[in-house]
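Keep the model open as you read.

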Amino acid sequence: MNPLQIKPNVPLTVALENPDGMFDFDLGMGIYQTTSGQTFTLPRPAVILLNTLDPDPGEEIVITKHWSGKRGEKAKWTVSLSPNSEKCRAKAETETSELTEQLQASIEQVQGKKRATEPPVPIRRPSRRQVDTQIQPRLFDRGTGTHGPAPAAVPISAPALLPAAARQRVGQIPANIATREILAFIQSDPNTANWSDQSRQDLLSTILIAAYRAGHVGLWERQS
């Protein structure tokens with residue numbers, strides 16, 4: 001081992017192999033080794049300063065023992081980075097800041113390109129069936145035309161598929177009245193006067209069904 005002496009009031013510039021060093025609790029001293037292979041010791045106050053500075057391995061530091069030379073007066077210690085190390089740290093911090101800015105700019109550029117190349121969000125248009133349903137009154141809507149849609153027209157081709165109120169249109173003859181009138185006509189017609197009851201019933205059914213399908217005959221009107 002090559003011990004290194006720290007002279008009072010003479011700044012010592014060294015680079016440490018391991019800034020953590022080793023602490024001898026018996027002596028109350030920290031033991032350190034430089035990158036050149038030399039060793040030196042520091043008292044506890046100087047060790048605390050060194051740990052606060054937290055230099056990197058191989059980074060130059062300046063250790064100074066301040067002492068007036070008077071007996072009984074304790075020495076004061078300072079531990080700082082060397083001018084060369086301060087320049088290196090400042091340069092590293094600047095480069096790190098610039099690198100961070102460049103990285104952020106690159107990320108924003110990539111995100112901007114991604115947004116520009118993403119396909120546009122399609123506009124959901126309602127189908128023709130939905131448009132017709134929303135604009136036109138539905139088959140079973142009820143209203144007066146002023147408050148709500150007017151009643152929908154009833155298809156003639158399918159009267160049996162609709163409710164009773166929808167199947168009975170204005171101008172239709174109730175089924176019971178139509179039956180009575182058709183039967184009276186058959187009985188008064190000279191051409192059918194001599195027909196049998198079965199023949200007259202068949203003719204009545206044929207005429208009544210045809211009139212119903214054509215929309216001329218409505219529901220059977222009940223007597224109150």
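Pro 3 is exposed, with a relative accessible area of 55% (exposed means over 50%, buried under 20% and partly exposed in between, with a 1.4 Å probe and protein chains only). Pro 3 sits in strand β1, residues 2-3 (strands are DSSP runs of E of at least two residues, helices runs of H or I of at least four, numbered from the N terminus). Its C-alpha lies 9.2 Å from that of Gly 37, 34 residues apart along the chain.

A word on the model: it is predicted, so local features need pLDDT of at least 70 and side-chain atom pairs count only at pLDDT 80 or more, while totals for chains, interfaces and linings use all residues. Residues are numbered from 1 along each chain as its sequence is written, and side-chain values use heavy atoms, leaving out hydrogens and water.

Now head inside. The largest nonpolar core has 16 residues (a set of buried Ala, Val, Leu, Ile, Met, Phe, Trp, Tyr and Cys joined through side-chain atoms within 4.5 Å). Val 14, Phe 40, Leu 42, Ile 61 and Ile 63 have the most contacts inside it. Two or more residues each come from β2 (12-15), β5 (38-43), α1 (44-53), β6 (60-66) and β7 (76-81).

Finally, the helices: the axes of α5 (residues 175-188) and α6 (residues 197-213) come within 10 Å and cross at roughly 135°.

Notes
Axes fitted to C-alpha atoms, helices over the stretch in contact; angles between N-to-C directions.
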